[in-house]
Amino acid sequence: MKAQLEKAIRLRKNGKYKKSNELLMKLIEANREDATLNYQCAWSFDLLGEEAKAVPFYERAISLGLPSADLEGALLGLGSTYRTLGQYEKSKEVFQRAVELYPENRAIRVFYSMTLYNLNEHGDAMETLLKCLIETTTDEEILNYKKAITFYADKLDQVWK
């Protein structure tokens, strides 16, 4: 199975998403309780634009137990997939767990901010994005205003008179 899984991953890396998915689906038939294989199947459906089909594979992979690096990707994938399906509350729950487990992963926080936006939690969405921006930018023009941006990030609705 390991060689076949590696082949499926190579196919994916080479942009052959359909062939990769077909191979993964053959592998999963005999290995339904393999967390890594479930994660790879979910990922393959996402790449094909078949998010609804990805969900049960993400959920099974996470419930079976993944190594930390794979869990990090699976939580991001599941949270994002729920968001694209309009299941915003589920998305938020997944991203809250992901942020708690992987606070340094800014990609998770950026995707989380999209969910917050969809839930009309615009202030929290902007705060999350602004903090990610300030933590990662090398743009001197933005860095000149780091103190102000950081200060205002959670005060966007406040008015001073």
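1. Buried here means under 20% relative accessible area, exposed means over 50%, and partly exposed is in between (1.4 Å probe, protein chains only). Keep in mind that this is a predicted model, where local features need pLDDT of at least 70, side-chain atom pairs count only at pLDDT 80 or more, and totals for chains, interfaces and linings use all residues. Residues are numbered from 1 along each chain as its sequence is written, and side-chain values use heavy atoms, with hydrogens and water left out.

2. On to the charges: a salt bridge is a side-chain nitrogen of Lys or Arg within 4 Å of a carboxyl oxygen of Asp or Glu. Counted that way, you get 6 salt bridges.

3. K92 and E121 pair up at 2.9 Å, N to O. This one links distant parts of the chain, 29 residues apart: K92 sits in helix 6 (residues 88-101), and E121 in the loop between helix 7 (106-118) and helix 8 (122-136). Helices are DSSP runs (H or I, at least four residues), numbered from the N terminus. K92 is buried at 16% relative accessibility, while E121 is partly exposed at 23%.

4. E127 counts as buried at 17%; K131, at 37%, is partly exposed.

5. E50 and K53 form another salt bridge, with 2.9 Å between the closest N and O atoms. Both ends are partly exposed: E50 at 24% and K53 at 48%.

6. Finally, have a look at R106, R109 and E135, which are joined in a network of salt bridges.

Terms used
Helices (H or I, at least four residues) and strands (E, at least two) are DSSP runs, numbered from the N terminus.
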